[in-house]
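I set down here what I looked up in one structure, entry by entry. The entries follow the order in which I consulted the model.

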Amino acid sequence: MTMAGRRPLVAGNWKMNGLRSSIGVVETVRKDLPKDLLDRVDVLICPPSTLISSCVAAVYGSPIAIGGQNLHAKPSGAFTGSISAEMLADLGAKYVIVGHSERRAYHHETDDGVHAKALGARRAGLCGIICVGETKEEREEGRTLDIVRAQLAIGVPKGATGADTVIAYEPVWAIGTGLTPTPADIAEVHASLREMLGQLIGPEAAKVRILYGGSVKPGNARDLMAVDNVDGALVGGASLVAEDFIGIANAYAR
Ligand code: PGA
């Protein structure tokens, strides 16, 4: 548990990486993660949709969860190429990432779209991981808190709870770059997000986990976890290597 009594969540986001041969990574994570770690930390892997079924089979009987990286807000219909929350849940997914900055940048996702998708996730019984984060320019202009608070205010549905919602703070400039904000900067953003959540959903805000994401590695995970209001990590590149992902999860098990 974190100091505030929230159970840490370490989530891997494979992005558009992984073929059937990559299931071995999930098998290794399952085999090599210390058993007692899973009593204290929630561990989640979000592979591409093509691998969800096989990953669910690979973690069968273990508390490791599998999630999606995106969803369509509607349950079904004429939306060629899209996948609904119900379809993800049907495969055994428990979580879904919503509004990742790559979706916002390359697929023009808006905060209203994120809101609709978060509602879709809840409708199907999935926990939505709503991503927020500023660009390099926005940080340099001193607008970080305004940006992430607005993303949160629009994205998070009314009545969100700690069970159906996780927030991930991912500065766009820290994703895949090896750069991370200072612990003080992360603490400032997470405190502000927690305060904004309080305005949006009241006392339930204390139960919602706020992850940090952006260049989390085994070498910096311990320092990041020690920051106030950091309840886990959303891990991209390092989640593709079983040993690195396990190293990060270990840092959150303290
Ligand atoms: P990264 O990606 O760990 O490779 O920086 C994080 C993310 O995009 O979720």
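**Conventions.** I worked with a predicted model, in which local features need pLDDT of at least 70, side-chain atom pairs count only at pLDDT 80 or more, and totals for chains, interfaces and linings use all residues. Residues are numbered from 1 along each chain as its sequence is written, and side-chain values use heavy atoms, with hydrogens and water left out.

**Ligand.** I asked which residues are closest to the ligand. Of the 13 residues that surround the ligand, the closest are Lys15, His100, Glu170, Gly176 and Ser215; a residue is near a molecule or strand if one of its heavy atoms lies within 4 Å of it. I then looked up polar contacts (pairs of N or O atoms within 3.5 Å; within protein, one must be able to donate a hydrogen and the other to accept it, and residues adjacent in sequence count only if both atoms are side-chain atoms). His100 places a polar side-chain atom 2.7 Å from a ligand oxygen, and Glu170 likewise has a polar side-chain atom 2.7 Å from an oxygen atom of the ligand. From Gly236, a polar backbone atom lies 2.8 Å from an oxygen of the ligand. On its own the ligand has 280 Å² of accessible area, of which the protein covers 97%; such areas come from the Shrake-Rupley method with a 1.4 Å probe, and for residues only the protein chains shown count as cover.

**Positive phi.** I noted Ser215 again, in the loop between β7 and α10. Helices (H or I, at least four residues) and strands (E, at least two) are DSSP runs, numbered from the N terminus. Ser215 is not a glycine, yet its phi is positive, about 60°. His108, in the loop between α5 (101-106) and α6 (111-123), is also not a glycine and has a positive phi of about 55°. Is each of them buried or exposed? Buried means under 20% relative accessible area, exposed over 50%, and partly exposed in between (1.4 Å probe, protein chains only). Ser215 is buried at 8%, whereas His108 is exposed at 66%.

**Arg104.** I located Arg104 in helix α5 and found it buried, at 16% relative accessibility. Its side chain makes a polar contact of 2.6 Å with the side chain of Asp111 and reaches the backbone oxygen of Cys131 at 2.8 Å. Beyond four places in sequence, Arg104 touches residues including Gly99, Val114 and Gln151, contact meaning heavy atoms within 4.5 Å.

**Helix α9.** I checked the length of α9 (residues 183-201): its 19 residues should span 27 Å at 1.5 Å a residue, and the 26 Å between its end C-alpha atoms agrees. The expected span is 1.5 Å times one less than the number of residues. Among its buried residues are Ile186, His190, Leu193 and Leu197. Their cover includes β5 (127-132), α8 (144-155) and β6 (165-169). Gly202 follows α9, with a positive phi near 70°.

**Cysteines.** How many disulfides does a search of the whole structure find? The search finds zero, a disulfide being a pair of cysteine sulfur atoms within 2.5 Å. The sulfur of Cys127 has its closest cysteine sulfur in Cys46, 10 Å away and therefore too far for a bond. For Cys131, in no disulfide, the nearest cysteine sulfur is also that of Cys46, at 9.4 Å. Cys127 is buried at 5%, and Cys131 is buried at 2%.
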